[in-house]
Amino acid sequence: MSTFTDAEVEYLNSQPLGRIATVGPDGRPHVMPVGVFYDPETQAIVIGGAGDMAVSKKFRDAQRRPDVALVVDDLAAVDPWTPRGIEVRGRAETHTDGGEEVGKRLGAGFRFSPAWIRVRPRRILAWGIDGGSYELSARDVG
């Protein structure tokens with residue numbers, strides 16, 4: 001069985017921007033917008049950036065505490081209000097090299113820096129994807 005439903009994969013492929021939440025060494029949360037890409041080979045989410053990701057707080061936080069959350073969401077319409085999105089709670093794997101190749105393989109619209117993050121889902125929550133905007137689907141996958 002796939003980690004994501006077909007509708008979730010289609011949605012993720014249509015939304016290149018998300019937000020990752022990490023926890024810093026002081027225990028405080030940190031949320032940043034990131035480029036997100038669904039990787040069909042690993043059924044995981046890849047986070048890449050054009051800047052030097054290896055020196056970013058999100059990268060350092062994910063190295064120290066790999067439990068992260070990622071949200072990709074948007075409004076399908078504003079009248080009526082129609083939110084939709086996916087929250088992925090999972091385990092981050094930080095990589096200091098290979099980003100350029102991963103970005104090319106996933107069709108990123110920009111050149112990845114060498115450092116990149118893979119988030120392996122453990123729990124997926126979705127709304128407005130396989131059902132109505134206020135219909136929540138939640139499941140453990142890892």
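Reply: One term before anything else. Buried means under 20% relative accessible area, exposed means over 50%, and partly exposed is in between (1.4 Å probe, protein chains only). Buried residues make up 44% of the 142 residues in the protein chain.

Me: What should I know about where this comes from?
Reply: This is a predicted model: local features need pLDDT of at least 70, side-chain atom pairs count only at pLDDT 80 or more, and totals for chains, interfaces and linings use all residues. Residues are numbered from 1 along each chain as its sequence is written, and side-chain values use heavy atoms, with hydrogens and water left out.

Me: How many helices and strands in the protein chain?
Reply: Three helices and seven strands. Helices (H or I, at least four residues) and strands (E, at least two) are DSSP runs, numbered from the N terminus. The order from the N terminus is α-β-β-β-α-β-β-α-β-β. The radius of gyration is 15 Å, close to the 14 Å from the globule rule for 142 residues, so the chain is as compact as a globular protein of that length. That radius is taken over C-alpha atoms, and the rule is 2.2 Å times the number of residues to the power 0.38.

Me: Which residues of the largest nonpolar core touch the most other members?
Reply: F4, I45, I47, L70, I86 and I117, out of 25 residues in that core. A nonpolar core is a set of buried Ala, Val, Leu, Ile, Met, Phe, Trp, Tyr and Cys residues joined through side-chain atoms within 4.5 Å. The elements giving two or more residues to this core are α1 (6-14), β2, β3, α2, β4 (67-78), β5 and β6 (116-127). The largest share, four residues, comes from β6. There is also a second, separate core of seven residues, including F37, V46, A108 and F112.

Me: What does F4 touch?
Reply: Leaving out residues up to four places away in sequence, F4 is in contact (heavy atoms within 4.5 Å) with V9, L12, Y38, Q43, I45, I86, V88, P121, I124 and R139.

Me: Switching to α1. Which of its residues are buried?
Reply: E8, V9, Y11 and L12. Seen down the axis of α1, they fall within an arc of 165°, so they line one face of the helix. The arc is that of the directions from the helix axis to the C-beta atoms. These buried residues pack against β2, β3, β4, β5, β6 and β7 (136-140). The face turned away from them carries the exposed residues D6, E10 and N13.

Me: Is H30 buried or exposed?
Reply: H30 is buried, because its relative accessible area is 17%. It sits in strand β2 (residues 29-39). H30 touches I20, A21, T22, K57, K58 and D61, again skipping residues up to four places away in sequence.

Me: And where is S56?
Reply: In the loop between β3 (44-48) and α2 (57-64). S56 counts as buried because its relative accessibility is 14%. A polar atom of its side chain lies 2.7 Å from the backbone oxygen of M53.

Me: Last one. Which strand holds P83?
Reply: β5 (residues 81-95). P83 counts as buried, at 16% relative accessibility. P83 touches D74, L75, W127, G128, S133 and Y134, not counting residues up to four places away in sequence. P83 and A108 are 25 residues apart in sequence and 25 Å apart in space, C-alpha to C-alpha.

Note on methods: A polar contact is a pair of N or O atoms within 3.5 Å; within protein, one must be able to donate a hydrogen and the other to accept it, and residues adjacent in sequence count only if both atoms are side-chain atoms.
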